[in-house]
Amino acid sequence: MILRQDQDNLFKIQRLWNSFNNYCLTPNSFDLENWNFDPANKHLSVTVSSTQAIAQCPVCRSWNRRIHSRYQRTLQDLALAQYGMTLQLHVRKFFCTNSICQRRIFTERLPAVTVAWARRTNRLAQALSAVALALGGAAGVRLSHQLNHHVSRNTLLKLISRLRPSTIAAPQVVGVDDFAFRKGQRYGTILVDLDRHRPIALLKDREANTLADWLKQHPSVQVLSRDREIAYKQGMSEGAPNAVQVADRFHLLQNLAEILERFFATHYSALKAVEVAHQRKLSQGGIALPTQPSVRQQQAEQRRARRLERYEQVHTLRQKDLTIPDIAHHLGMGERTVFRYLASPQFPEWQPHPRHTRKSALDSYKPYLVEQWNAGQRQTKRLFAQLQQQGYAGSFQTVARYTHRLRQAQRQHLNAADGRGPAPPIKDIRQPPLTARRATWLIFQRPEQLKDDDEALVTQLKAQHQEIETAITLCRAFAQLVRQRLPEQLDLWVEQAANSTLVQFQRFARSLQQDYEAVKAGVTLTTSNGQVEGQINRLKMLKRQMYGRAGFDLLRRRVLLAD
């Protein structure tokens, strides 16, 4: 049994030796002298010796044969199966026979295996560098330990810092966008080669001069894709005046969507009227389950009253010729909030976001509860037992509160009807509120993706007010010409928006005229910033992996060097 195990180990070592010899640039330049398995520590030690007849002096580059002495180097190598591996490498020192050379004695170099003074082989260093680029320090250490490479996070970060930046081919089509070091405070710029689908540069800021300097160093750029940031427009015009600037279509639609959302925020009453009418339509033939008032809703009403008071105070102080910083200091508000209040002719209602709504474990089971309730099953304990059989993991009190709401809704209907008898069935209409954000999303949804109920909401919105109908018509026309790339319709749309009675759309039309060439190219060419957005998502992941502890240089290397 022992002989069989030794034969297997010898066979593994022979295969290892053949692969190691083939790995070197000069085959058969090493001899295998000894090997040793340590099963307890899962470690393999291999002793090899160099057989080079001559060596080159690292200073004068002359070849020499005269040997001075021998010594041993210990190198960590890639793991073999479950065993970590160490190379005991016997190398030599040579005399330099060149009389004019300043070096008298030198050690033979083995560039195919390792570099001078290194403690690991080249292939192990490459493997660890790939791990470090992909995972960073702490996560890279955990994976390395699983692979029987015991390194520290500082070692992995040093390997990244020693990597040489790869030479990039002359880019021709480049996408530019910003990313946040700290949102709202400090931003950087990423540049992506759209032809080769990879980032090529990271800049420390998003200033026009920084981008212009980079473009001057890369005169091969012919097309530049960007959002509608003024600084990028100035930097591109200065650094690459002959390049074609392309306004990204996604950002064009996003800019108009933000304008439409602010417009709907000033028509809160119209949105509420459409929402109530739509719920009444859906609840025909039954009883709509009313929303349950809560303490949070009462607090929301109090906060709205305070915001409305602040809004009126801001406009009152502005009429007294106070500046925005003075108003913000006097009322204890942020300057951006003051500017937003002054830019709104009507009080901007707070728009709840879907992620701010609290969800319950009972939500997915409510349709079944309503069905059973309308079928005559009114015992809460039995309903609770049925839900548990279906996988409900919530509490009995949650189910009891919901059935109490069902019972109260039917009682209120009977009291209002001034009589008793069978009550109509319950209809739990769980429609999201028609906020300005949701209305904007419905307008910019592709027509073939809209449901019948959603299209009915849009039709009811148009019927509420002439200004709303005009805004919806303009937005849908602009979305169509951008998505289908119809540049011949751009001039007509800009003229219609500029001549409309909507101030927000007039401003947007003027901004398109100021950036007309880039916008025209955006709705004509196929170039877009989609790749750049994907690279920014990857950059955010890398930045969060490092938890803000690493500097810009490490982030830049991980973004640019990783495959």
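1. Two strands are said to pair if DSSP finds at least two bridges between them. Helices (H or I, at least four residues) and strands (E, at least two) are DSSP runs, numbered from the N terminus. Strand β11 (residues 223-226) pairs with strand β12 (residues 244-247) in the parallel sense, over four bridges. Leu224 stands opposite Gln245 in β12.

2. On the model itself: it is predicted, local features need pLDDT of at least 70, side-chain atom pairs count only at pLDDT 80 or more, and totals for chains, interfaces and linings use all residues. Residues are numbered from 1 along each chain as its sequence is written, and side-chain values use heavy atoms, with hydrogens and water left out.

3. Five strands make up an open sheet of mixed pairing, in the order β10-β9-β8-β11-β12. β10 (198-203) and β12 stand at the edges with a single partner strand each, so one side of each is left without a neighbour in the sheet. From one strand to the next the twist averages 30° (axes are lines fitted to C-alpha atoms, for helices over the stretch in contact, and angles run from 0 to 180 degrees between N-to-C directions).

4. Strand β8 (residues 173-182) runs parallel to β11 and is joined to β11 by three bridges. The bridge partner of Val174 in β11 is Leu224. Helix α21 (residues 552-561) packs on the sheet and touches β8 and β10, where contact means heavy atoms within 4.5 Å. The direction of α21 makes about 165° with that of β10.

5. Helix α9 (residues 324-331) packs against helix α10 (residues 335-343) at an angle of about 115°, and their axes are 9 Å apart. The two are therefore roughly perpendicular to each other (angles under 35 degrees count as roughly parallel, over 145 as roughly antiparallel, 65 to 115 as roughly perpendicular and the rest as oblique). Ile324, Pro325, Ile327 and Ala328 in α9 meet Glu335, Val338, Phe339 and Leu342 in α10. These contact residues divide into seven nonpolar, no polar and one charged (Ala, Val, Leu, Ile, Met, Phe, Trp, Tyr, Cys and Pro count as nonpolar, Asp, Glu, Lys and Arg as charged, and the others, Gly among them, as polar).

6. The axes of helix α14 (residues 436-444) and helix α15 (residues 452-464) come within 10 Å and cross at roughly 105°. α14 and α15 are therefore roughly perpendicular to each other. Arg438, Ala439, Leu442 and Ile443 of α14 make the contact with Asp454, Leu457, Val458 and Leu461 of α15. Six of the residues in this contact are nonpolar, none polar and two charged.
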